[in-house]
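Hi,

Here is the structure I promised to pass on. Could you have a look through it and then read my notes below?

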Amino acid sequence: MATAPPRVLTVAGSDSGGGAGIQADLKTMLAHGVHGMSVLAAVTAQNSIGVQGYWELPAEAVRAQLDSVLSDIGVDAVKTGMLASAGLVRAVASVLSTVDVPVVVDPVSVSKHGDPLLAEEAVDAVRSELLPVATLVTPNLHEAAQLGGVKVADERGLRRAAEAVLALGPKAVLVKGGHLAERRATDVLVTRAGVRHFPGEYVEARHTHGTGCTYSAAIATHLALGRSLEEAIDRAKVYITEAIRAGLALGQGIGPTDHFFYLRQSGACERWLASLGDPGVRR
Ligand SMILES: Nc1ncnc2c1ncn2[C@@H]1O[C@H](COP(=O)(O)OP(=O)(O)OP(=O)(O)O)[C@@H](O)[C@H]1O
Ligand SMILES: [Mg+2]
């Protein structure tokens, strides 16, 4: 019997190191059993140490990919990540304004190492064109401060920044607390109905490459699975915490989280490999 799982689309940049960006998004989707699709906006040369360079695709190429996916396969939820330039932000926002499914916008502006991933002049386009089509925006502290034009030093500042971002038109804003000085993993959701905190266990972990991408991809995935916004955040929070706890020591710097922690931990991966036996003998 053929099955048709929910469809989730990421519009983002490629991380050659496989821990963040499009690669993290697709792994997250596969780990949750949905069908992941990817529209590539930019290519980064990236590893555990930093971003060595990036190249954006022409807007025409991004529009064509979106058209291919939407006109045939369709989507149940979308997330956006690195969009690199004002031109791409506008192109993507204009297509997404015609799509009637949840849109999670991760307003990526710098990498974990502080390397820029969004042109400075693109911030205005994010504010005026992308945020109004978002069901949820997931800025970290720096992005919330930048988008909202508010300084953030503590949890009160964090909430003020979230409210300033909400005023730009998205339905909801989730500011991530991972970067507050007092090492906390509580995220704050602000909607027109009020404020809700999502506390999380802070894991003393080194390998956190791609946490933001993974988290927003997991939220979009749960929305595609039919969860409410708060249920989706709740479940994605469990996933990112466990993926961080199981982080992979790859490269000289900050390694990726483990998107398949439960397969590794349950032994399912090893069992499957063992079940194949020795291909030489089978033939
Ligand atoms: N060490 C940690 N332990 C537990 N949770 C964490 C930790 N660091 C971040 N988180 C959580 O991971 C999620 C992603 O947040 P984070 O602040 O890392 O995003 P980000 O800055 O956008 O990441 P990235 O640099 O990958 O773009 C949030 O729910 C945050 O609370
Ligand atoms: Mg991020």
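First, a term: a nonpolar core here is a set of buried Ala, Val, Leu, Ile, Met, Phe, Trp, Tyr and Cys residues joined through side-chain atoms within 4.5 Å. Buried means under 20% relative accessible area, exposed is over 50%, and partly exposed is anything in between (1.4 Å probe, protein chains only).

Some housekeeping: this is a predicted model, so local features need pLDDT of at least 70 and side-chain atom pairs count only at pLDDT 80 or more, while totals for chains, interfaces and linings use all residues. Residues are numbered from 1 along each chain as its sequence is written, chains are lettered from A and ligands numbered from 1 in the order in which they are written, and side-chain values use heavy atoms, with hydrogens and water left out.

On to the cores. The largest one has 45 residues, and L9, V11, V75 and V78 have the most contacts inside it. Helix α3 (residues 86-96) is its main contributor, giving seven residues; helices (H or I, at least four residues) and strands (E, at least two) are DSSP runs, numbered from the N terminus. A separate core of 28 residues lies apart from the largest one, and V203, A220, A243 and A246 are among its members.

Now the charged pairs. Taking a salt bridge as a side-chain nitrogen of Lys or Arg within 4 Å of a carboxyl oxygen of Asp or Glu, the count is 12. Three of them are worth a click.

- K176 and D106 pair up at 3.5 Å, N to O. They bring together distant parts of the chain, 70 residues apart: K176 sits in the loop between β7 (172-175) and β8 (187-191), and D106 in the loop between β5 (103-105) and α4 (123-130). K176 counts as buried because its relative accessible area is 12%, and D106 is buried too, at 3%.

- R196 and E230 meet at 2.7 Å, N to O. This is another link between distant parts of the chain, with R196 in strand β9 (residues 194-198) and E230 in helix α8 (residues 229-245), 34 residues apart. R196 is partly exposed at 31% relative accessibility, and E230 is partly exposed at 35%. D234 joins R196 and E230 in a network of salt bridges.

- E163 and R159 have their closest N and O atoms 3.3 Å apart. Both lie in helix α6 (residues 155-166), four residues apart, or about one turn of the helix. E163 is partly exposed at 35%, as is R159 at 40%.

Last, the surface. W272, L273 and L276 make up a nonpolar patch with about 330 Å² of accessible area together. Patches are made of residues with over 30% relative accessible area and no salt bridge, joining like charges within 9 Å and nonpolar side chains (Val, Leu, Ile, Met, Phe, Trp, Tyr) within 5 Å; accessible areas come from the Shrake-Rupley method with a 1.4 Å probe, and for residues only the protein chains shown count as cover. L276 is found in the loop between α10 (268-275) and α11 (279-282).

Cheers
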